Amino acid sequence: MELFNLTLIWAFIIGFGVIMYVLMDGFDLGVGILFPFAPSETDRDTMMNTVAPVWDGNETWLVLGGAGLLAAFPLVYSIILPALYIGVFLMLSGLIFRGVAFEFRFKARTSRYLWNWAFAGGSTIAAFAQGAVVGAYIQGFETTNGAYSGGALDWLTPFTVLTGLGLLAGYALLGSTWLIMKTEGRLQEWAYRITTPLLIAVLVIFAIISVWTPFVDDMVRERWFDHITVIWVLPALTLLCAFQIWRSVRNRFEGMPFVATMGLFITTYLGLIVSRWPYVVPPEYTLWDAASAYESQLFLLLGLLFVIPIVLTYTAWTYWVFRGKVRAGEGYH
Amino acid sequence: MELDPLILSRIQFAFVVSFHAIFPVFSIGLASFIAVLEGLAFKTGNPLWEKLSSFWTKVFAVVFGMGVVSGIVMSFQFGTNWSNFSQASANFLGPMLSYEVITAFFLEAAFLGVLLFGRHKVPAGVHLFAAIMVAVGTFISSFWILSANSWMHTPAGVELRDGVFHVTSWSQAIFNPSFPYRFAHMVMASFLTGGFVVAGVSAWYLLRGREVEANRKALSMCLWMLLFLAPAQAVIGDFHGLNTMEHQPVKVAAMEGNWETSRNVPLLLFAIPDQENQTNRFEIGVPNLASFILTHEWDGEVPGLNEVAVEEQPPVAIVFWSFRVMVGLGLLMIAFALAGLVLRRKGAYYQKRWFLQGLRFMSITPFIAVIAGWFVTEIGRSPWLVYGMMNQAEALTPSLTGGMALFTLIGYVVVYGLVFSAGVYYLLRVLYVGLEDADEGEHESDRPARPLSAAHVPFEIERGSGDVNHARPVNEGGL
């Protein structure tokens, strides 16, 4: 019985870590995706400055996700990483290039355009790879005796390409609404202009995915379509968030588009979880199959409960230090 | 030819971890040096300390940043290439790595920002506190990662049930038999790395007559530290070796090139180990010295490679020679540290050109020694991954093919090659520009508060500036 409870707590912690990562690294990857389309080079400087002080803290959540998964649900770690072998390599390469681009671009002069491309290309590849992971997760994994037994490119299908594009558009939307909040003048006007088309792209891709998913997996179909249950509240809320984004952009609100986009992500994410619950390595293994030993979950949990509040305090403090608008030709004070 | 995913994965892991290791090993030593400089600045109010601290913090920012970027890759390597190992050891390694992230990585990230950009924005005491916290973070990080690594050498506090390790005692697993020695040896190596790099760079500035007063102070501090630490490292290394002989005798046999367990074993200075014929060619040795060093008795018994079957032996030649490289460089470090003491009379240590030139070249040696040391301990464990309990072949990802492994191996070599040559180039630029402009950066606030961004140094050498030593950072204004 105690094993049961701890595993649920860990599912909540990992779930929290993943959405923290998606929301936080999502907007700074989004800024990278939008980078080549910015009105001018000065605007690119400003865009980069809006995310520069916080991006590496955001990516630490990814490292925590990897280590936490190994600690609490090792089966997930040891099946999904081999299954996504090539995709993980592409994602990490993308993250490396965009990470160093932050640093080198400001020092470069003649080679600056190269770091522009490294930043945009790295962000785009990382975002696409993460979206494909979501698709691969919905598809499920071929396993034999608790180990991945499929091929190197099983994860790359028309369906996962679509989910990859979906997350790409989603991150771009997070990026554009972040820029609305953090910038002003011409750059902010540009961000307002691109938000509505991005929102439409996201909704169209999400709609196709939603229609397609029941055909990919029977369990998902039964859960959503055999009976109309309370879970239909989630897509309703997603649409409400989408409406809110559209309305607040129309009314030129500054903070609300970003908040509503986060809401759109959270409700979609919860929708994904209820589609697959309690399977963490579909179609075979549940949370409880994948869990590590009770004493290991307990040992880490005790430390985590003490340390994570402190980490969250740091993070909030950093965002508070760098609050407010970022102007052209101006960094942080 | 059939591509072997095991060999390719081992090469890939060795490559990414070696490349990663050189950055933290330097930043651990440097973080403490900066904390000491900040402490001196705080206590004495002498602006020279602040100048030194500002300069070395810039170097730190670049090194730390590259360590972070290459470290993200590490946290996924276990899963992608060694999934059976991850699955089997997750009950212990998962919590270790997670504790490293939550107790060290977040601490370093938070306080590094204050250290880099907060000098004029927070009270001096808070700035000093930030410097200390960054240094503490680097130690906490090495604590967890070296505990995990040591456990793979001397597993304790676990039992293997159905192919999965279960922790029976956290204290025994964390403080496993080789951990105290490895931790002390590695921390010492980090201090030696920091010390020799700072000494080498200061010596180079002194040779060129740049910022003489500050660089003399830095050099003097380093030489005092090295005088105690370089010999201490030899003593700790000896204890570490004795511990290895107790728990991993075959590794010691490979280090000594000793094929048969015997008494009166000579210390080999040179030999070409011939694994096929289980013997050495061209041996040159000092009689009985290996017996004395390892057992502290002239006729003591030293374990030989014949204790285990041939297929359970590590590759002897690479372990044997890596060990000699490490020890040889260690002795050279001790020689320079002692020379520093002899030359201290009348300040000869900052005037003798041969000494300063020598220190310049010594700045690269700790990195080579550290990599060689890791080769000794890691390759010496082969074919085991968890010593005596799980071998490398069992640990490999079952679905991994040779082609996939080759693809990512080439990929990582290309990505790292591009990214790190740019990074090293930039680091050299920071050194060329030097201390003279150390304060300028603080007054412009046109750069994001991020590692690597701390130094306001243009990326390319100025066109037509000819002598790079006279290149100065151009004030880029608001760009």
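Predicted model: local features only at pLDDT ≥ 70, side-chain atom pairs only at ≥ 80, totals over all residues.

Mentor: Start with α2(B): 30 of its 35 residues are buried, so this helix is largely enclosed by the rest of the structure. Buried means 20 or more other C-beta atoms within 10 Å of the residue's own, exposed means 12 or fewer, partly exposed is in between, and C-beta atoms are placed from the backbone. Helices (H or I, at least four residues) and strands (E, at least two) are DSSP runs, numbered from the N terminus.

Trainee: Where is the kink in α2(B) centred?
Mentor: On B:Ser75, with a kink of about 30°. The bend is the angle between axes fitted to the seven residues ending at a residue and the seven starting there.

Trainee: New topic. How many residues of chain B are in contact with chain A?
Mentor: 58 of chain B, with 63 of chain A. Contact means C-beta atoms, placed from the backbone, within 7 Å.

Trainee: Which element gives the largest share of chain B's side?
Mentor: α3(B), with 19 residues. That side of chain B has 32 nonpolar, 22 polar and four charged residues. Ala, Val, Leu, Ile, Met, Phe, Trp, Tyr, Cys and Pro count as nonpolar, Asp, Glu, Lys and Arg as charged, and the others, Gly among them, as polar.

Trainee: And the strands, how do β3 and β4 of chain B pair?
Mentor: Antiparallel, over six bridges. Strands pair if DSSP finds at least two bridges between them. β3(B) and β4(B) form a hairpin with four residues between them. In the turn, B:Gln278 has a positive phi of about 55°.

Trainee: Which residue is the bridge partner of B:Phe270?
Mentor: B:Ile284, in β4(B). B:Ile272 stands opposite B:Arg281, also in β4(B).

Definitions and conventions
Residues numbered from 1 in each chain as written. Chains lettered and ligands numbered in written order. Contact = placed C-beta atoms within 7 Å.
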